[in-house]
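Me: Hey, I'm new to this one. Can you walk me through it once it's on screen?
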Amino acid sequence: MFGLRAEGPMEQFQILPIVDLHLGSIDISLTNSALWMIIGTGAICLFFLVATRRAALIPSRAQSMAEVIYEFVSDLVRDTIGAEGRKFFPYVFTLFIFILAMNLFGLLPSLPWIAHELHTFTPTSHLIVTLALAMVTITIVIVYGFYKNGLGFLRLFWPSGLPLWLMPLLCLIEVISFLSRPLSLAVRLFANMFAGHVILKLFAGFVVSLIGAGGAVMAFSIAPFLGAIAVTALEFLVAALQAYVFAVLTCIYLSDAAHAADH
Amino acid sequence: MSVFAIISSAAAAAEEVHGEAASAGLPQLDPTWWPSQLFWLAITFGILYALMSGKFLPAIGGAIEERRDRIADDLDQASEFKGQAEKAEQDYVQALADAKAKAQGIAADTRTEVDAEIAKLQAETDKELEKQLGVAEARITEMKTKAAEKVRDAAADTARALVETLIDEAPTQEAATRAVSSVSSD
């Protein structure tokens, strides 16, 4: 009755090309996903540009914030990997801040009158993106593991101090657990983002449907509306938490690679 | 490259087969846009990593390090200053004690000096007084002697006058004197 229109919960994940680009036969068009990756990255760069413009003894507000994030990730890397984790610090930091920005920017409200292509989009709600990030981590783990420990890296799958007859079984379990790492890493982030946005959209959809029903039923729309507010707050927590979890697990896996020979 | 082409063509074929079902499914599982997503992820993440590791993180880390050094330096300097202050206080206390001891020494010296001078003056005065006393005593003795002599003379004269009156004959001066001497004790 108000011309309201609720889209399905999946439409927010639709990838829409904005500028058509091709590399040979591969379609590398600038899509809404790419646009939000660029917006997120650009925002991070802008923030750090401001924060480090004058690296002062007495920090500005932006510099203080940047230093808090720096110390946070730095402590995480040092506590998990140890002193030799220093060389992974830029990677873990980039990973954390990138995922955090993608997750948080996806929670911005879309302007309702602009084209669907420009609506808010969460790149981390796509499995291929999270899987790619997870594969980068696992590739670093494997390459560094063999570089650091040689074949001793394989001792990761051969726990010591156990009866011999248990070994084949445990070795199998260790191998499976190692292989499932990238998948669990990728699926955890993707599923959290995906589910959160679906629930948000469902609540919002209920509000629209109930208002659309008209009459006394409209009063009930307050319930899903409050629900949507609560879920939005929760999603901010999840957005930060998942970025942190991804960074922590990356650190733990890197620590395995660094200390495989000590097992 | 060719792998992506295969995936893309396979996906396209699958979409043709499934038609409506595929487009209604999860957009995440539609491989059409996987290459594009991976491409832009690589670009943005790569640029961000390069900027972070090359520019931003060293700048922030440097600022934190510099501040830590500066604070440590300041603390060092403060403890140095504290040591200096403590030493100055010690020196002051020492100087004060020295000055007190010196003042006491000077006071004691002065006292003994003054005492000695007083004793000397007293001795001199005593000597002088004794001398004067001696002179005075000598004079007194002399005067006593003279007075006694005069008394005797007077007694002799009186005796003479008495005798003259009594017997109308005046004894000689000598005899009167002898008479008086014989009766007087000294």
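Me: OK, I see it. Among the elements of chain A, which has the lowest mean pLDDT and which the highest?
Reply: This is a predicted model, and in chain A the lowest mean pLDDT, 85, belongs to strand β2(A), residues 22–23. The highest, 96, belongs to α3(A).

Me: And what's the mean pLDDT of chain A?
Reply: The mean for chain A is 89, with 97% of its residues at 70 or more.

Me: How many helices and strands are there in chain A?
Reply: Chain A has 6 helices and 4 strands. Going along the sequence, you read β-β-β-β-α-α-α-α-α-α.

Me: What box do its C-alpha atoms fill?
Reply: Roughly 75 × 55 × 45 Å along the principal axes, for the C-alpha atoms of chain A. Of the 263 residues in chain A, 34% count as buried.

Me: Back to α3(A). How many of its residues are buried?
Reply: 15 of 17, so to speak a mostly covered helix. α3(A) covers residues 89–105 and reaches 24 Å from its first C-alpha to its last, close to the 24 Å expected at 1.5 Å a residue.

Me: Which residues touch the most other members of the largest nonpolar core?
Reply: V92(A), F96(A), I99(A) and A247(A), out of 65 residues in that core. Helices α1, α2, α3, α4, α5 and α6 of chain A each supply at least two of the core's residues, and α3 of chain B does too. The largest share comes from α3(A), with 12 residues.

Me: What does F96(A) touch?
Reply: Leaving out residues up to four places away in sequence, F96(A) touches V73(A), A243(A) and A247(A).

Me: Where's A247(A), then? Which buried residues does α6(A) have?
Reply: A247(A) is one of the buried residues of α6(A), and A243(A) is another. Also among them are E235(A), Q242(A), F246(A) and Y253(A). The buried residues of α6(A) pack against α2, α3, α4 and α5 of chain A.

Me: How many residues does α6(A) have?
Reply: α6(A) has 37 residues, 222–258. End to end its C-alpha atoms reach 53 Å, close to the 54 Å expected at 1.5 Å a residue.

Me: Now α4(A). Why does its span agree with what a helix should give?
Reply: Because 23 residues at 1.5 Å a residue should span 33 Å, and the end C-alpha atoms of α4(A) are 32 Å apart.

Me: What do the buried residues of α4(A) pack against?
Reply: They pack against α3, α5 and α6 of chain A, together with α3 of chain B. Those buried residues include L127(A), I128(A), L133(A) and V141(A). Just after α4(A), G150(A) takes a positive phi of about 60°.

Me: Let's switch to chain B. How many helices and strands does it have?
Reply: Chain B has 4 helices and 0 strands. Of its 186 residues, 10% count as buried.

Me: How many residues of chain B are in contact with chain A?
Reply: 34 residues of chain B are in contact with 37 residues of chain A. On the chain B side, α1(B) and α3(B) are the elements that give two or more residues. α3(B) gives the most, 27 residues. By class, that side has 24 nonpolar, 7 polar and 3 charged residues.

Me: What ipTM does the predictor give the complex?
Reply: An ipTM of 0.89, along with a pTM of 0.73.

Me: Where is confidence lowest in chain B?
Reply: In helix α2(B), residues 20–24, at a mean of 44, while α3(B) is highest at 92. Over residues 10–23 of chain B the pLDDT is below 50, and this stretch has 5 contacts beyond near neighbours in sequence. Where pLDDT is low, the predicted coordinates should not be read in detail.

Methods. Residues are numbered from 1 along each chain as its sequence is written. Chains are lettered from A and ligands numbered from 1 in the order in which they are written. This is a predicted model: local features need pLDDT of at least 70, side-chain atom pairs count only at pLDDT 80 or more; totals for chains, interfaces and linings use all residues. The expected span of a helix is 1.5 Å times one less than its number of residues. A residue is buried if 20 or more other C-beta atoms lie within 10 Å of its own, exposed if 12 or fewer, and partly exposed in between; C-beta atoms are placed from the backbone. Two residues are in contact if their C-beta atoms, placed from the backbone, lie within 7 Å. Ala, Val, Leu, Ile, Met, Phe, Trp, Tyr, Cys and Pro count as nonpolar, Asp, Glu, Lys and Arg as charged, and the others, Gly among them, as polar. pLDDT is the predictor's confidence in each residue, from 0 to 100. A nonpolar core is a set of buried Ala, Val, Leu, Ile, Met, Phe, Trp, Tyr and Cys residues joined through C-beta atoms within 7 Å.
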